[in-house]
Amino acid sequence: MSPAEQAHMSKTASPPRQIIEKKQMQDFMKLYSGLVERCFMSCAQDFTSKALTGKEGTCVQNCTDKFLKHSERVGARFAEHNAEQMQGR
């Protein structure tokens with residue numbers, strides 16, 4: 001391939017940085033929205049006050065803690081799996 005063709009291929013093969021960053025932000029917002037919805041549906045019980053009750057506050061804290069711990073564990077397992085795959089090559 002000519003240098004011009006290689007340059008064209010490299011441009012079309014990998015998306016620009018802005019597209020990747022936009023996709024990452026969309027994925028984060030989708031994840032965050034899902035967490036908010038899940039914890040709200042599980043924990044919000046009393047709609048007569050703007051403030052959370054003690055029980056609701058504890059529930060929200062536990063819900064978000066579980067989510068974060070789960071995310072950390074999945075990330076660690078994914079990293080372990082990738083390391084195994086790289087060593088196997």
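A residue counts as buried under 20% relative accessible area, as exposed over 50% and as partly exposed in between, with a 1.4 Å probe and protein chains only. The model is predicted, so that local features need pLDDT of at least 70 and side-chain atom pairs count only at pLDDT 80 or more, while totals for chains, interfaces and linings use all residues. Residues are numbered from 1 along each chain as its sequence is written, and side-chain values use heavy atoms, with hydrogens and water left out.

**View 1. Overall fold of the protein chain, with the pattern α-α-α along the sequence.** The protein chain has 3 helices and 0 strands, taken as DSSP runs numbered from the N terminus (helices: H or I, at least four residues; strands: E, at least two). Of its 89 residues, 8% count as buried.

View 2. The structure holds 2 aromatic pairs, where rings of Phe, Tyr and Trp (its six-membered ring) pair if their centres lie within 6.5 Å, and planes under 30 degrees apart count as stacked, over 60 as edge-to-face and the rest as tilted. The ring centres of F28 and Y32 are 6.2 Å apart with the planes at 20°, so this pair is stacked.

**View 3. The tilted aromatic pair F40 and F47.** Here the rings lie 6.0 Å centre to centre, with 55° between the planes. F40 has a relative accessible area of 45% and is therefore partly exposed, whereas F47, at 61% relative accessibility, counts as exposed.
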